[in-house]
Amino acid sequence: MLGSTGSIGRNTLEVIAGSAGRLQVAALSAHGNVPLLIAQAAAVRPRWVVATDPGAAKSADWSGLPDETERIVGPEGLGRVAAEPEVDMVVSAIVGIAGLVGTWAALAAGKRVALANKESLVVGGGLVTQLARDNQAKIIPVDSEHSAVFQALAAGRREEVRRIILTASGGPFRNHAADQLAGVTVEEALAHPTWAMGPKITVDSATMMNKALEIIEARWLFDLAPDQITVLIHPQSIVHSMVEYKDGSVIAQLGLPDMKLPIQYALDWPARHEGVAARLDWSEAIHLDFEPPDGERFAALALGREVARRGGTAGAVLNGANEAAVAAFLGHRLRFDRIVPAVCAALENHNFDPNPSLDQLFALDRWAREEVERWIGA
Ligand SMILES: NC(=O)c1ccc[n+]([C@@H]2O[C@H](COP(=O)([O-])OP(=O)(O)OC[C@H]3O[C@@H](n4cnc5c(N)ncnc54)[C@H](OP(=O)(O)O)[C@@H]3O)[C@@H](O)[C@H]2O)c1
């Protein structure tokens with residue numbers, strides 16, 4: 001369980017606690033929140049805990065760690081626990097490119113990966129999916145939209161798929177005019193209308209960059225052409241995504257916006273068991289609305305499609321620039337409506353390579369962050 005102290009991590013531990021012993025935790029990891037890591041370890045008694053931030057690990061009181069749990073300090077620990085023979089499955093739920101290290105190690109060791117960290121595929125899609133194939137490792141999506149597509153794909157054959165339809169809540173600014181987006185505050189951007197998530201993905205939802213990342217993620221996960229991926233605004237977040245087949249049938253997966261459902265699906269796949277997620281109440285009227293997104297107000301969508309089409313180094317630059325721009329917005333150094341232009345500028349300025357190495361992608365990630373800082377300072 002990589003990233004156990006985050007929003008996905010805490011939901012995953014709830015799913016495991018409700019699994020009647022079917023699922024057990026071998027290892028947990030955290031970065032800054034070491035007190036929560038120790039409290040989680042006291043509850044689930046894993047074989048290992050990894051504290052990736054040595055500074056936070058040093059200042060923590062470790063007296064509550066169970067005697068049987070081994071403490072590993074530093075990011076190298078992620079690769080070590082992910083490859084341990086007694087680990088069957090790795091939940092990759094660290095936020096940002098930092099999550100790629102654990103995803104990579106798990107796939108290299110031939111493990112099944114329940115993938116929440118979409119950035120792993122955005123940055124290294126081609127290399128990551130090739131690594132999975134080379135090692136007979138399986139990636140099961142945790143992202144609710146991709147989980148929905150994964151489930152709906154079971155209704156037909158791959159060559160019968162016409163397109164997939166990713167739904168988007170539209171975030172808190174769905175009805176804002178372009179000039180209103182300039183004055184958006186951090187507090188407003190962090191107040192998502194339907195999902196409770198970590199801060200970075202919540203801001204990504206507000207800019208629609210999250211949907212851009214999901215277009216790229218879907219391109220690699222399901223081996224689709226970008227023009228086979230349609231985005232639709234669905235404010236209720238009940239239809240999590242759909243697959244349209246050649247004959248015109250559209251197969252959807254529905255549920256309340258509760259990440260415990262796609263998490264449990266990924267952990268139990270291909271089986272289904274009694275679930276702990278909140279359920280739809282069919283005794284009440286349920287309204288489902290759909291509308292096409294306004295591409296002009298939410299320019300991130302076109303960017304996502306373009307990066308999905310180009311592949312190569314474009315994803316690493318988009319992701320690194322976006323992480324830096326979101327951090328600058330959360331630090332009150334960049335206006336909300338400048339996040340996407342900052343990412344655009346970095347993409348335009350980079351030297352594209354269609355077949356990069358993993359080291360090249362990490363180097364470009366660093367370059368994109370510096371480029372955004374230069375752009376902000378200019
Ligand atoms: N939340 C959702 O509903 C949702 C839905 C779909 C996909 N996802 C994806 O799932 C991933 C996690 O999202 P989240 O919302 O759970 O994020 P989050 O609440 O911010 O949690 C992030 C986790 O990553 C750890 N972490 C942060 N920086 C790290 C670093 N440099 N090295 C190692 N660990 C680090 C954090 O540790 P500390 O807290 O100890 O610092 C925490 O455990 C993201 O890729 C996101 O896009 C999330």
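Is helix 9 (residues 199–207) largely enclosed by the rest of the structure or largely open, and why? Before selecting it, note that this is a predicted model, in which local features need pLDDT of at least 70, side-chain atom pairs count only at pLDDT 80 or more, and totals for chains, interfaces and linings use all residues. Residues are numbered from 1 along each chain as its sequence is written.

Now select helix 9: seven of its nine residues are buried, so the helix is largely enclosed by the rest of the structure. Buried here means that 20 or more other C-beta atoms lie within 10 Å of the residue's own, with C-beta atoms placed from the backbone (12 or fewer would be exposed, and values in between partly exposed). Helices (H or I, at least four residues) and strands (E, at least two) are DSSP runs, numbered from the N terminus. The buried residues are Ile 201, Thr 202, Val 203, Asp 204, Ser 205, Ala 206 and Thr 207. Show next what covers them, which includes helix 8 (186–189), helix 10 (209–221), helix 12 (300–310), helix 13 (314–330) and helix 14 (339–349). Just after helix 9, Met 208 takes a positive phi of about 75 degrees.

Move on to the ligand, around which there are 28 residues, with Gly 6, His 31, Asn 33, Met 197 and Gly 198 coming nearest; a residue counts as near if its C-beta atom, placed from the backbone, lies within 6 Å. Helix 1 (7–17) and helix 9 are the elements that give two or more residues to this shell, and the largest share, three residues, comes from helix 1. The shell draws at least three residues from each of domain 1 (7–142) and domain 2 (158–257 + 291–377), the domain bounds coming from an automatic or database domain assignment.

For the next stop, select Trp 375, which is found in helix 15 (residues 358–377). Trp 375 is buried, with 21 other C-beta atoms within 10 Å. Leaving aside neighbours within four places in sequence, Trp 375 is in contact (C-beta atoms, placed from the backbone, within 7 Å) with Ala 342 and Ala 345.

Note on methods:
Two residues are in contact if their C-beta atoms, placed from the backbone, lie within 7 Å.
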